Amino acid sequence: MSAAASMESEKLILGYPVKDIPWERLLLISAFVVLMIFYTFATENFLTLENFVNVVRRDAWLFFLAYAQTIVIVSAGFDLSQGSIMSVVSVMAWSAMLHFGFFFGFIIGLGIGLLCGVINGFFVGVVRVYPFIATLGMLFIGSGTAQLWTGGLQMGGAREGATLPKHVEEAYVFLAKGNLGPIPFTFIWILIVLATMWYLLKYTRFGTYVYALGGNEQTAISAGINYPAMKIAIFGIGGLLCGFAGLLLSASVSAAGEPRLGGGDQLLQSIGATIIGGTHIFGGRGGVLGTTLGVFLIIFLVNGLNIMGIDTYRQQIIVGLVILVSIWVSTLREQKN
């Protein structure tokens, strides 16, 4: 058989040669469709536009945390500090808004997130500390700073006289709950960041370097990639996205400075969404499109369980099982390849 005939017989399913079909992506989409169908018949109010909008608006922060985790993990890193970055951003941005207005506080919040990420990148890329250790240190530093800044109290209703001016609070809440016509602002933020991250990873030299570092770090360095600069940039982008996630979650919950904002399962959900979306835990493979599907699966899985009255503890078990199955499928593909 000629080479041309061989190529003709090999192609194509969904535009891919059979051996290259992204089975994890197909399984993820199938799982999401099955989940939606099941909840539609098992509950009364699941498959409604109002529920869809409310869920995505409420959990928009998870998209940004997961995108941040994706770029770090693809480059063979890991970020444990996401929750604490959200906490310190929440309290410092609120303090800045109290004294200088919404816009300045918003910029301060993003700047704090970026700074935390750059510090992580400095220790990973320049000092050569393992990402797990470097970000674990930032986890404690960020959490402790947020608690010290507020005395452990929420900055807002819990402190007499410490309330935002009405117009500032309205602008802050509008960030997470406002609409542009019929379209919620959170949908616009998600689409903008998704498109930006997708383009950055897929069509720029920076994105090529990210995947190269994740595929084989030593080979990438030998090829001339500036390892310290890349790590600072990667973790800096991650920190910036964490800062925005902290602002969104803080605005949607209470429009206050909350020193324990990131003390829940935000980190675990971001890692889970990234892995479920097909990003390889050891780097070199993955992307934000798959991560977006992973986030949708998690937020609507939890939403359906809430509507069905399943308690939080059982929900955590179910989400954990979904993550384990995703890792298992990814491992099987790696072994086959």
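Which helix is the place of Ile107? That would be helix H6, residues 102-125, and the legends below walk through this spot and several others in a predicted model.

**Figure 1. The whole chain, before zooming in.** This predicted model has 15 helices and two strands. The chain runs to 337 residues, and 48% of them count as buried. If you take the contacts between residues at least 6 apart in sequence, 77% join residues at least 24 apart.

**Figure 2. Ile107 in helix H6.** Here we look at Ile107, which sits in H6. Its relative accessibility is 40%, so Ile107 counts as partly exposed. Ala96 is shown with it: Ile107 and Ala96 are 11 residues apart in sequence, and their C-alpha atoms are 9.3 Å apart in space.

**Figure 3. Helix H3 meets helix H4.** Two packed helices are described by the angle between their axes and the distance between the axes. For H3 (residues 49-58) and H4 (residues 60-74), the axes come within 4 Å and cross at roughly 50 degrees. On the H3 side the contact is made by Val56, Arg57 and Arg58, while H4 brings in Ala60, Trp61 and Phe63. Sort those residues by class and you get four nonpolar, no polar and two charged.

**Figure 4. The buried side of H3.** Staying with H3, its buried residues are Asn51, Val53, Val55, Val56 and Arg57. What do the buried residues of H3 pack against? Their partners are H4, helix H8 (166-177), strand E1 (179-180), strand E2 (183-184), H9 and H14. Val56 and Arg57 from this buried set also take part in the contact with H4.

**Figure 5. Helix H9 against helix H10.** Now for another helix pair: H9 (residues 185-203) and H10 (residues 205-215) pack at about 70 degrees, with axes 5 Å apart. H9 and H10 are therefore roughly perpendicular to each other. H9 makes the contact through Leu200, Leu201 and Tyr203, and H10 through Arg205, Phe206, Gly207, Thr208, Val210 and Tyr211. By class, this contact has six nonpolar, two polar and one charged residues.

Figure 6. Leaving out residues up to four places away in sequence, Gln82 touches Leu65, Ala68, Gln69, Cys242, Leu267 and Ser270. Two of these contacts, Leu267 and Ser270, are among the buried residues of H13. Gly243 is another one to find in this view: Gln82 and Gly243 are 161 residues apart along the chain, yet their C-alpha atoms are separated by 8.7 Å.

**Figure 7. Helix H13 and what follows.** Of the 11 residues of H13, 10 are buried, so this helix is largely enclosed by the rest of the structure. The buried ones are Gln266, Leu267, Gln269, Ser270, Ile271, Gly272, Ala273, Thr274, Ile275 and Ile276. Just after H13 comes Gly278, with a positive phi of about 100 degrees.

**Figure 8. The second largest pocket.** How much space lies in the second largest pocket? About 480 Å³. The lining has 19 residues, and the ones that lie nearest the centre are Asp265, Gln269, Val302, Gln316 and Val319. Elements giving two or more residues to this lining are H13 (266-276), H14 (288-307) and H15 (312-336). H15 gives the most, with six residues. Split by class, the lining holds nine nonpolar, seven polar and three charged residues. Gln269, one of the residues nearest the centre, is also on the buried list for H13.

**Figure 9. Two loop residues with positive phi.** Check the backbone here: Ala76 has phi near 70 degrees, a positive value in a residue other than glycine. Ala76 lies in the loop between H4 and helix H5 (82-100). Its relative accessible area is 30%, so Ala76 is partly exposed. Arg128, in the loop between H6 and helix H7 (131-150), also has a positive phi, near 65 degrees.

Methods
Residues are numbered from 1 along each chain as its sequence is written. This is a predicted model: local features need pLDDT of at least 70, side-chain atom pairs count only at pLDDT 80 or more; totals for chains, interfaces and linings use all residues. Side-chain values use heavy atoms; hydrogens and water are left out. On a 1 Å grid over the protein atoms alone, a cavity is a set of points where a 1.4 Å probe fits but cannot get out, and a pocket is an open set with protein on both sides within 12 Å along at least five of seven lines; lining residues have an atom within 4 Å of a point. Grid points are joined across faces, edges and corners, and a volume is the space filled by probe spheres set on the points. Ala, Val, Leu, Ile, Met, Phe, Trp, Tyr, Cys and Pro count as nonpolar, Asp, Glu, Lys and Arg as charged, and the others, Gly among them, as polar. Axes are lines fitted to C-alpha atoms, for helices over the stretch in contact, and angles run from 0 to 180 degrees between N-to-C directions. Angles under 35 degrees count as roughly parallel, over 145 as roughly antiparallel, 65 to 115 as roughly perpendicular and the rest as oblique. Contact means heavy atoms within 4.5 Å. Buried means under 20% relative accessible area, exposed over 50%, partly exposed in between (1.4 Å probe, protein chains only).
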